[in-house]
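Thanks for coming. I will go through one model today, with the cut-offs stated as we reach them.

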Amino acid sequence: MEYIDHIKNQLVSISVPCVPQYFPKSGIGLFAQENIREGSKVITEKPIIAGQYSWGIVYGYLACHHCLRSLEPPLEMARRLTGDKSINLPIPDANPTVKVPEFRFCSSCHIAFCSEDCLQTATKNYHSVVCTKG
């Protein structure tokens, strides 16, 4: 159960009552104690370490280097990737007036984070070790 407590401490939130179960062949799992509606967010976890795929860098995907939150509104991204400035997206969060958070940057390697919290968490937990300029 010590391992389960460790997992629970890593979780930001669990939206339904769950119980851990151990299976000798497959390991530990969390099982809901009630029905879950389709599309529901069940567990939100903090990353231990995060990094983009190399194609994200090739295509200029702007993301927080800790939580991987996009740092570019969907409409801007679609227009940049397609090269079509007249394109519109049929999704609510594509509104061009959506404000992107003020980025924070590592003072050494200058990679972007979406917030001061992500910058500080990454620096404390792993970024100071993997920073290319630090």
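There are zero disulfides in this structure, a disulfide being a pair of cysteine sulfur atoms within 2.5 Å. Before going on, the model is predicted: local features need pLDDT of at least 70, side-chain atom pairs count only at pLDDT 80 or more, and totals for chains, interfaces and linings use all residues. Residues are numbered from 1 along each chain as its sequence is written, and side-chain values use heavy atoms, with hydrogens and water left out.

Cys 131 is in no disulfide either; its nearest cysteine sulfur belongs to Cys 109, 3.7 Å away. Cys 114 has a relative accessible area of 6%, so this residue is buried. For that term, buried means under 20% relative accessible area, exposed over 50%, and partly exposed in between, with a 1.4 Å probe and protein chains only. Cys 131 also counts as buried, at 11% relative accessibility.

Both cysteines belong to the largest nonpolar core, which has 12 residues in all. A nonpolar core here is a set of buried Ala, Val, Leu, Ile, Met, Phe, Trp, Tyr and Cys residues joined through side-chain atoms within 4.5 Å. Among the other members are Cys 64, Leu 71, Phe 113, Leu 119, Ala 122 and Tyr 126. Two elements give two or more residues to this core: β6 (112–113) and α4 (116–130). The most comes from α4, with four residues. Ala 122, one of the core members, is in contact with His 66, Phe 113, His 127 and Ser 128, leaving aside its neighbours within four places in sequence. Contact means heavy atoms within 4.5 Å.

Next, the overall fold. The protein chain has four helices and six strands, in the order α-β-β-β-β-α-α-β-β-α along the sequence. Helices (H or I, at least four residues) and strands (E, at least two) are DSSP runs, numbered from the N terminus. The chain has 134 residues, of which 20% count as buried. Of its contacts between residues at least 6 apart in sequence, 35% join residues at least 24 apart.

Now the charged pairs. How many salt bridges does the structure hold? It holds two, where a salt bridge is a side-chain nitrogen of Lys or Arg within 4 Å of a carboxyl oxygen of Asp or Glu. One joins the side chains of Glu 72 and Arg 80, at 2.9 Å from N to O. Glu 72 is buried, with a relative accessible area of 8%, whereas Arg 80 is partly exposed at 33%. In the pair Arg 104 and Glu 116, the closest N and O atoms are 3.3 Å apart. Arg 104 is partly exposed at 28%, and Glu 116 is partly exposed at 36%.

Last, the surface. The accessible surface of the protein chain comes to about 10,100 Å², with 55% belonging to carbon and sulfur atoms. Accessible areas come from the Shrake-Rupley method with a 1.4 Å probe; for residues, only the protein chains shown count as cover.
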